[in-house]
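Please keep the structure open while reading.

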Amino acid sequence: MSLGASFTMSQELSADFYAYQQMMVDCKENAAASRASFDSVELACETLSKKHPAEAARAQLLLGELYKDAANVGLRDSKTSQRHYRTAYSTAGEKDVFTRSKALYCQGLLYYYNSPDLEQNFDSAYSYFNQAARYGDQYLVGLGTLLQYGFGVAQDEKAALANYAAAIADGSGCYADFYATEYALRERSNNTLDMEAYNNYRKYFVENNLNGNWSAALGYLRKSSDAGYPPALLDLSIHYMNGKIAANRAEIVDNAEKLLQQAVKAKYLPAIHQYGYLQQCLLTSTDDKRSKIMFDYYKRAGEAGYAPGQYATGVCYLKGYGTRQDLDKAGEWVTAAAIQGYKPAVEMQDQVLAEIERLKGEKIAARQERLRKWATAMQIIAGVADAASQAMTMNTPPSNQHYSNSSQVTSSAPVHVSADASPRTTSEEISKGYFPVLKVGNDFGMVWSDGKGTVEICENSRNKMKSIKIGGDYYTLTENHKNEFLGVPVSRYNYFTIIHNTYYFVSL
């Protein structure tokens with residue numbers, strides 16, 4: 001777990017500020033950055049502060065981040081970072097809660113980590129975390145970590161759990177910490193906690209997060225994972241997926257999958273969600289069979305109350321990934337995650353709900369267009385049935401030719417086409433020779449008539465043969481193996497028959 005602060009600005013700032021921010025990020029992430037690059041960022045901060053005095057405090061905040069988290073470890077400077085954070089706090093206005101809380105929390109982080117140029121001091125870390133938490137519960141994650149492992153305070157997993165829960169509700173993403181604590185607390189209460197596995201996991205946490213000693217951390221993590229400790233299984237799988245342990249894709253996938261499957265068997269919610277995410281990472285298309293597995297695991301985690309799983313399930317319903325698209329369910333799942341304070345859901349809720357309404361509008365429009373086509377097809381078939389009935393009465397078969405336009409079926413039988421129907425489209429549909437007769441339920445004896453001819457769905461009670469009746473004659477129905485008609489899959493039409501080169505489709 002990393003307590004690193006996310007610098008998401010809460011309001012719009014000048015274009016100059018965002019250009020400066022990008023300059024800082026580029027320098028921070030460049031492992032080969034030079035002292036001259038840092039000096040350039042410092043100079044840009046001064047220039048920005050003179051041009052936009054109201055943004056000076058936030059500019060200092062970003063300088064603090066540069067010196068705290070620079071990829072060029074040799075240029076990291078905790079004391080310089082601390083100086084910029086203190087300047088940010090002291091120059092920020094009382095109403096600039098974002099800058100003041102962030103500056104306090106980040107100073108706590110400087111004391112929390114074991115850095116060579118600033119003595120680690122959990123008492124100071126606790127003090128700064130506590131001050132930051134007065135501005136927002138999301139900063140309680142720092143206090144939760146100290147309480148979870150007893151860093152500088154008496155270990156109190158119940159208090160840690162309460163702090164994590166409050167932080168999550170306020171937008172923190174500390175789900176892994178919450179569930180790791182919840183698991184240890186539950187197992188300890190049941191006298192089933194594997195203390196050796198737990199202690200190895202704690203040592204891994206200290207070496208990886210506080211001391212930055214990855215090689216030592218990995219050894220402890222493997223020991224805890226080998227003992228089947230679910231939080232360790234999850235963390236090790238994530239390190240594999242991040243490419244931190246192996247480079248070979250097959251090895252990464254194989255190990256991550258095996259580790260997660262063990263944690264899933266233990267019903268560890270973050271692992272259930274992560275297994276769904278693993279399937280998502282391996283998808284080759286939305287039709288991939290993994291998409292169904294992905295959806296099932298996201299939903300399983302979501303149904304157990306895991307907010308990231310709820311949000312992921314909502315997105316699956318929205319996009320139709322691994323399941324049938326259901327916009328109402330998409331809205332319900334995304335809203336459920338937002339209510340729990342899950343930050344992506346909170347930030348995207350309005351956008352997702354707007355997208356749902358837009359798609360619903362498109363679906364309504366598409367449905368109205370299908371209904372229009374159905375109405376047109378029914379009017380066409382009215383003429384066909386009338387022509388067939390007249391032809392059979394006169395003992396003269398209707399013409400076998402395909403009809404040249406939508407205003408005629410045969411020379412003697414006009415088709416009643418609605419005014420808004422496209423003649424070209426209708427003519428193309430006629431030229432295929434595919435016409436739906438009727439869509440009915442399970443009952444037979446259904447009749448459709450236009451006043452001139454009658455089409456009836458029938459079933460011979462003796463041999464159970466299904467048929468349609470046009471005029472006074474019966475035509476046996478055959479199973480339909482066509483692919484599509486009017487944009488509707490053939491599963492909607494169970495049978496068809498051919499009368500004088502015309503296909504009549506029926507859904508029973």
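**Helices, bridges and confidence**

Thr80 sits in helix H4 (residues 78–91); helices are DSSP runs of H or I with at least four residues, strands are E runs of at least two, and both are numbered from the N terminus. This is a predicted model, where local features need pLDDT of at least 70, side-chain atom pairs count only at pLDDT 80 or more, and totals for chains, interfaces and linings use all residues. Residues are numbered from 1 along each chain as its sequence is written, and side-chain values use heavy atoms, with hydrogens and water left out.

Q: Is Thr80 buried or exposed, by its relative accessibility?
A: Buried means under 20% relative accessible area, exposed means over 50%, and partly exposed lies in between (1.4 Å probe, protein chains only). Thr80 has a relative accessibility of 14%, so Thr80 counts as buried.

Q: Which side chain does the side chain of Thr80 join in a polar contact?
A: A polar contact is a pair of N or O atoms within 3.5 Å; within protein, one must be able to donate a hydrogen and the other to accept it, and residues adjacent in sequence count only if both atoms are side-chain atoms. Here the contact is 2.8 Å, and the partner of Thr80 is Asp77.

Q: What is the average pLDDT of the chain?
A: pLDDT is the predictor's confidence in each residue, from 0 to 100. Of the residues, 69% score at least 70. The chain average is 79.

Q: How many contacts beyond four places in sequence does the model have for residues 391–444?
A: Contact means heavy atoms within 4.5 Å. The pLDDT stays under 50 over residues 391–444. For residues 482–492 the pLDDT is also below 50, and that stretch has 21 contacts beyond near neighbours in sequence. For residues 391–444 the number is 105.

Q: Where does Asn191 lie?
A: Asn191 is not a glycine, yet has a positive phi of about 60°. Its relative accessible area is 73%, so Asn191 is exposed. Its place is the loop between helix H9 (175–189) and helix H10 (195–210).

Q: What is the relative accessible area of Lys267?
A: Lys267 also has a positive phi, about 60°, without being a glycine. Lys267 is in the loop between helix H13 (249–265) and helix H14 (269–281). Lys267 is exposed, and the value is 65%.

Q: How far apart are the end C-alpha atoms of H14?
A: The expected span of a helix is 1.5 Å times one less than its number of residues. H14 has 13 residues, so it should span 18 Å. The end C-alpha atoms agree with this, at 19 Å.

Q: What covers the buried residues of H14?
A: In H14, 10 of the 13 residues are buried. Among them are Leu269, Ile272, Tyr275 and Leu278. The cover includes H9, helix H12 (230–241), H13, helix H15 (289–303) and helix H16 (307–319).

Q: How many salt bridges are found in the whole structure?
A: A salt bridge is a side-chain nitrogen of Lys or Arg within 4 Å of a carboxyl oxygen of Asp or Glu. One network of salt bridges links Glu182, Arg186 and Glu187. A search of the whole structure finds 12.

Q: Which residue forms a salt bridge with Asp69?
A: Asp69 is partly exposed, at 33% relative accessibility. The closest N and O atoms are 2.8 Å apart, and the partner is Lys68.

Q: In which helix do Asp254 and Lys258 both lie?
A: Their side chains meet in a salt bridge, 3.3 Å from N to O. An α-helix has 3.6 residues a turn, so residues three or four places apart point the same way. Asp254 and Lys258 are 4 residues apart, about one turn, in helix H13.

Q: What is the N to O distance in the salt bridge of Lys292 and Asp296?
A: Both residues lie in helix H15, 4 residues apart. Lys292 is partly exposed at 43%, and Asp296 is partly exposed at 34%. The distance is 2.9 Å.

Q: Which residues are in contact with Ala59, leaving aside its neighbours within four places in sequence?
A: Ala59 lies in helix H3 (residues 56–69). Ala59 has a relative accessible area of 0%, so it is buried. Its contacts are Phe17, Tyr20, Cys45, Leu48 and Ser49.
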